[in-house]
Amino acid sequence: MHIDARTLENGSVIEGDLCIVGAGAAGISMAMEWSGASQRVLLLEAGGFDYDARMQELYRGEIVGLPYFPLQAARLHYFGGTTGHWAGFCSPYDPIDFEPREWVPHSGWPIKRADLDPYYARAQRILELGPYEYDVAQWQRRDPGLVPFPLDPAVVFTKMWQFSPPTRFGTRYRDAIVGAKNVHLYTNAPVREIEPNEGVSAVDGLRVRSLEGEELRVRAKHYVLAASTIQNARLLLASNSRVASGIGNANDLVGRFFMEHLEMPSGVFVELGDRAANARMYAFEWGRTKARGELALNEAVQRQRRVLNATVSLNPRGLDEEGKSTFQRMTPEVMDERRRTGIRAETPRDGASQRRGPRGFHLQTRQEQAPNPASRITLSTERDELGMPRAKLDWRLTELDRRSFRDFYEVLGREMGRAGVGRVQMRPWVLEKDDAPWPSSVGGGWHHMGTTRMHPDPKQGVVNPDCQVHGIANLSVAGAAVFPTAGAANPTLTLVAMSLRLSDHLKSRLT
C-alpha cells in the first residue's frame with residue numbers, strides 16, 4: 001500500500017508494529033521479508049518515486065577532512081535509494097574481515113563469516129545474482145575458459161565477484177511493496193527527529209516534516225534506521241531535544257569510524273614475452289559479465305605483512321589522462337563510455353594464447369580503510385530546508401592505510417615476476433613514506449560504512465551484535481553503518497545479508 005504523506009492532514013499520527021526509516025537496499029530488503037505477515041509495517045521514504053532536486057539538496061553537507069565527493073551526489077534520495085546508480089559489484093567479505101587483527105586497531109566483528117553465510121545465500125536472490133558460489137573452481141566448471149593466472153594461491157589468489165544486472169530496487173520491487181497489504185509505504189516523509197521517552201531508554205515516536213511544512217507523528221513498537229551510513233548518524237545526532245549529544249551517543253561513538261574503500265590507480269601490469277596470458281578471468285564488460293576475478297593477498301600473507309585487506313582489478317581503459325578512475329569521475333558521459341568499453345577478452349574462449357605483443361593493464365586497487373575514530377560524521381552549523389543540521393564529514397586515513405598499499409604491491413610484483421606472468425610498476429606515490437601526504441588521486445568507491453558500528457560493549461560500539469542501539473530498547477540500525485570493518489569487497493551484498501539477519505531477529509521479538 002502506498003500513501004503520499006503530503007496528502008495527510010497536518011498533525012496526523014501514523015501507527016504500526018514495525019517502522020523502517022529509508023527505502024533503499026536495506027529498507028526494501030527488510031520490508032519484503034515482512035510482506036504478508038500479520039504485523040503492520042511502516043516504510044518511510046523521504047523522497048518520492050523519482051529524483052527531486054529539492055529533496056536531493058537535503059543531503060548536501062560539509063567536508064572538512066580529506067577531499068571527498070559532494071555528499072549530495074554520493075547518495076540518492078528517493079524510493080530505491082542509491083541502487084539507482086549502483087554498479088552491481090558483489091562479493092562476500094572474507095573470513096579474516098570478521099576476525100580481530102592485532103595490527104588493525106578496533107578490528108573484529110561480534111559474528112563470524114559462517115554466521116552470515118545463510119544470509120548471503122538469501123541476498124543473492126534479492127540482488128538477482130547466481131548461486132552463492134564464489135570459488136574459482138565453481139566458476140571454472142561453468143566456463144572452462146576462466147583460467148586464473150598461475151600464481152601461488154598461498155601468496156596471491158583470485159577472489160571472485162558476481163555482477164547484479166544491477167538490481168534497481170526502486171523499479172524491481174516497487175509493485176511488490178505497493179501491493180503488500182501489510183506494508184504501508186509513505187513517500188515524501190522525511191524524518192526530522194527521533195523522539196525518545198523521558199528516560200531515553202526507548203523511542204516514543206518519530207517526527208516527520210514535509211518540504212511544504214506539514215508535520216506528522218509516527219508510532220510503532222520497534223524502529224529501524226535504514227537511511228544510509230551518513231544519514232543514520234546524522235539523524236541520531238540531530239535528535240538532541242532531550243540529550244544534547246543525541247540518541248545512542250552516551251559514549252561519543254555515533255558518527256565515528258566512518259570508512260570508505262580506497263579505490264585508486266596504483267600501478268601498471270605488463271605481460272612478459274610475446275605470448276599473451278589468458279586475462280579473461282579478470283575481464284569486465286558492462287551488462288554482460290556475470291563473474292570475474294580480482295587479485296588478493298592470502299590471509300596468511302596479510303597476517304605476516306600486517307596489512308589491510310585489498311584486491312586489485314586489471315583495467316586497460318579505466319583511467320583518464322590524469323590517472324583518475326572512471327568511478328571517481330562518475331559523470332553520465334563516463335558511465336556511457338564505461339558501458340561501451342568495459343574490459344573485453346582478447347583471447348579465444350578455449351583459453352589458448354595468441355602470438356602478439358605484450359599488453360599493459362592499469363591496476364586499480366580497492367582497499368579497506370583502517371577503522372579510525374577520528375574519521376567521523378558530526379553536525380554542521382548550517383541547516384537544511386527542514387531545519388535539520390547538515391552532516392559534516394571529516395574523512396581521515398592512517399599510516400597503516402598507506403603502508404598497506406605499498407606492501408600489497410611489493411608482494412604482488414614479486415609473485416607476478418616469479419610466476420613469469422608479467423611485471424608490476426607501482427605509481428610513485430605508492431612508494432612514498434607512510435606519513436607522506438596522500439596524492440591528488442586519493443578517492444573512495446562511494447562506499448560509506450561505519451558511524452554506528454557493531455560491538456557487544458557499548459563503550460566500543462553504537463549497536464549490539466543484534467544491531468540494536470545500546471540503551472534504546474526498540475531502536476535498531478540496518479545497512480553498512482553497523483560494519484566494524486570495511487573489508488575489501490563492495491558492501492551491497494553484505495549490507496543486504498545483514499539486513500536479512502536483522503529482520504529474522506526482529507521477527508523473533510515481534511511475532
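The chain carries 64 positive and 61 negative side chains. Lys and Arg count as positive, Asp and Glu as negative, while His and the chain ends are not counted. The centres of the two sets lie 2 Å apart. Each charge is placed at NZ of Lys, CZ of Arg, CG of Asp or CD of Glu.

This is a predicted model, where local features need pLDDT of at least 70, side-chain atom pairs count only at pLDDT 80 or more, and totals for chains, interfaces and linings use all residues. Residues are numbered from 1 along each chain as its sequence is written, and side-chain values use heavy atoms, with hydrogens and water left out.

Now the overall build. The chain has 13 helices and 18 strands. Both are DSSP runs numbered from the N terminus: helices are H or I with at least four residues, strands are E with at least two. The radius of gyration is 23 Å, close to the 24 Å from the globule rule for 511 residues, so the chain is as compact as a globular protein of that length. The radius is taken over C-alpha atoms, and the rule is 2.2 Å times the number of residues to the power 0.38. Of the 511 residues, 60% count as buried. Buried means under 20% relative accessible area, exposed over 50%, and partly exposed in between (1.4 Å probe, protein chains only).

Next, look at strand β8, residues 191-196. Six of its six residues are buried, so β8 is largely enclosed by the rest of the structure. β8 pairs with β9 (residues 203-209) in the antiparallel sense, over five bridges. Two strands pair if DSSP finds at least two bridges between them. Pro-196 stands opposite Val-203 in β9. Six residues lie between the strands of this hairpin, and Val-200 takes a positive phi near 50°.

Move on to the loop between β9 and β10 (215-225), where Ser-210 is found. Ser-210 counts as buried because its relative accessibility is 7%. Leaving aside residues up to four places away in sequence, Ser-210 touches Asn-188, Pro-190 and Leu-386. Contact means heavy atoms within 4.5 Å.

Finally, find the open sheet of three strands. Its order is β4-β16-β15, and the pairing is mixed. β4 (62-63) and β15 (376-383) stand at the edges with a single partner strand each, so one side of each has no neighbour in the sheet. β4 and β16 (residues 389-394) pair in the parallel sense over two bridges. In β16, Lys-392 is the bridge partner of Glu-62.
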